[in-house]
Amino acid sequence: QRYGEMKGFVLFLFPRCVFGFFLGAAMGTVVGPAKTAPAVSISPIGTALQAATIVVAVSALTLVGYSALEVFLPILFAAVIATFVIWPRTWLTQYLVSPPLLWLGKLSYSIYMVHWFVLMLVSAVLRIVFHVPIVDGHLMLAPAAGLAITILSIATILIAASQTYRFIEEPGRRFGRRYLKGNRDTLMLVSTAPSPGSTT
């Protein structure tokens, strides 16, 4: 049964990614920060809607599991993001701009890129070195050991992500900006250059 669930998950993984990407791009065009009026006070309605969409999205993510219905999850994720864009000042957003969460947000892409490798490494070490048995795809650990491994895994992911952000993601972003700027300057020079036979 679990194999069938995983097979369905892998089958619909790429369509969900494509759908989520274009939905995010469309939402950024339609409901961007520049298109919303700046909030002057905390909005109770915005707070309630943000909390409601988060609860619905997390509940759906938990209930759907590995199935074809995951294709539609980006709609809920987009709804969550939209509530934070439309209502930028709520009790939730006041909490979310705290320095630790801003730091996690800065590292979010690097965390996304490295977490799977770290978890696979931890799993391999537990299985091969410590001979931890697996039942139904789950490592059989005592609760205390499981909690310790979880904390260690999260710490390792954050350390690895901070380094990939510093040495890979941020340098790559700077390179991309320089490359795009160079191409833009070149196009501007070409477009403003006089054509052959023209008089100045």
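Visitor: Where is His131 found?

Guide: His131 sits in the loop between helix H6 (99-129) and strand S1 (134-135). Keep in mind that this is a predicted model.

Visitor: What should I look at in the backbone there?

Guide: Start with phi. Most residues other than glycine have a negative phi. His131 is not a glycine, yet its phi is positive, at about 55°.

Visitor: Is His131 buried or exposed?

Guide: Exposed counts as over 50% relative accessible area. His131 has 63%, so it is exposed.

Visitor: Let's step back. What pattern does the protein chain follow along the sequence?

Guide: Reading along, you get α-α-α-α-α-α-β-β-α. That is seven helices and two strands.

Visitor: And how much of the protein chain is buried?

Guide: Buried residues account for 20% of the 200 residues. As for the surface, the accessible area of the protein chain is about 14500 Å², and 75% of that belongs to carbon and sulfur atoms.

Visitor: What about contacts across the sequence?

Guide: Take the contacts between residues at least 6 apart in sequence: 72% of them join residues at least 24 apart.

Visitor: Now helix packing. How do I read the pair H3 and H4?

Guide: Look at the axis distance and the crossing angle together. The axes of helix H3 (residues 44-64) and H4 come within 9 Å and cross at roughly 160°. Angles over 145 degrees count as roughly antiparallel, and H3 and H4 are therefore roughly antiparallel to each other. The crossing of H3 past H4 is left-handed.

Visitor: Which residues of H3 and H4 make the contact?

Guide: From H3 you have Leu49, Gln50, Thr53, Ile54, Val56, Ala57, Ala60, Leu61 and Val64, and from H4 come Leu73, Leu76, Phe77, Ala79, Val80, Thr83 and Phe84. By class, the contact of H3 with H4 has 13 nonpolar residues, three polar and no charged.

Visitor: How does the pair H2 and H4 read?

Guide: Helix H2 (residues 13-30) and helix H4 (residues 73-86) have axes that come within 9 Å and cross at roughly 25°. The cut-off for roughly parallel is under 35 degrees, so H2 and H4 are roughly parallel to each other. Their crossing is right-handed.

Visitor: Which residues in H2 meet H4?

Guide: Arg16, Phe19, Gly20, Leu23 and Met27 in H2 do, and their partners in H4 are Leu73, Pro74, Ile75, Ala78, Ile81 and Ala82. Sorted by class, the contact of H2 with H4 comprises nine nonpolar residues, one polar and one charged.

Visitor: Let's zoom in on single residues. Where is the place of Leu92, and what does Leu92 touch?

Guide: Leu92 lies in helix H5 (residues 91-96). Not counting residues up to four places away in sequence, Leu92 touches Thr47, Gln50, Ala51, Ile54 and Phe84.

Visitor: How do I judge the accessibility of Leu92?

Guide: Check the relative accessible area. Leu92 has 26%, so it is partly exposed, since buried means under 20%.

Visitor: And Thr93: buried or exposed?

Guide: Thr93, also placed in helix H5, is buried, with a relative accessible area of 9%. Leaving aside neighbours within four places in sequence, Thr93 is in contact with Gln50, Phe84, Trp87 and Pro88.

Note on methods. Residues are numbered from 1 along each chain as its sequence is written. This is a predicted model: local features need pLDDT of at least 70, side-chain atom pairs count only at pLDDT 80 or more; totals for chains, interfaces and linings use all residues. Side-chain values use heavy atoms; hydrogens and water are left out. Axes are lines fitted to C-alpha atoms, for helices over the stretch in contact, and angles run from 0 to 180 degrees between N-to-C directions. Helices (H or I, at least four residues) and strands (E, at least two) are DSSP runs, numbered from the N terminus. Angles under 35 degrees count as roughly parallel, over 145 as roughly antiparallel, 65 to 115 as roughly perpendicular and the rest as oblique. A crossing is left-handed if the near helix is turned anticlockwise from the far one by less than a right angle, and right-handed if clockwise. Contact means heavy atoms within 4.5 Å. Ala, Val, Leu, Ile, Met, Phe, Trp, Tyr, Cys and Pro count as nonpolar, Asp, Glu, Lys and Arg as charged, and the others, Gly among them, as polar. Buried means under 20% relative accessible area, exposed over 50%, partly exposed in between (1.4 Å probe, protein chains only). Accessible areas come from the Shrake-Rupley method with a 1.4 Å probe; for residues, only the protein chains shown count as cover.
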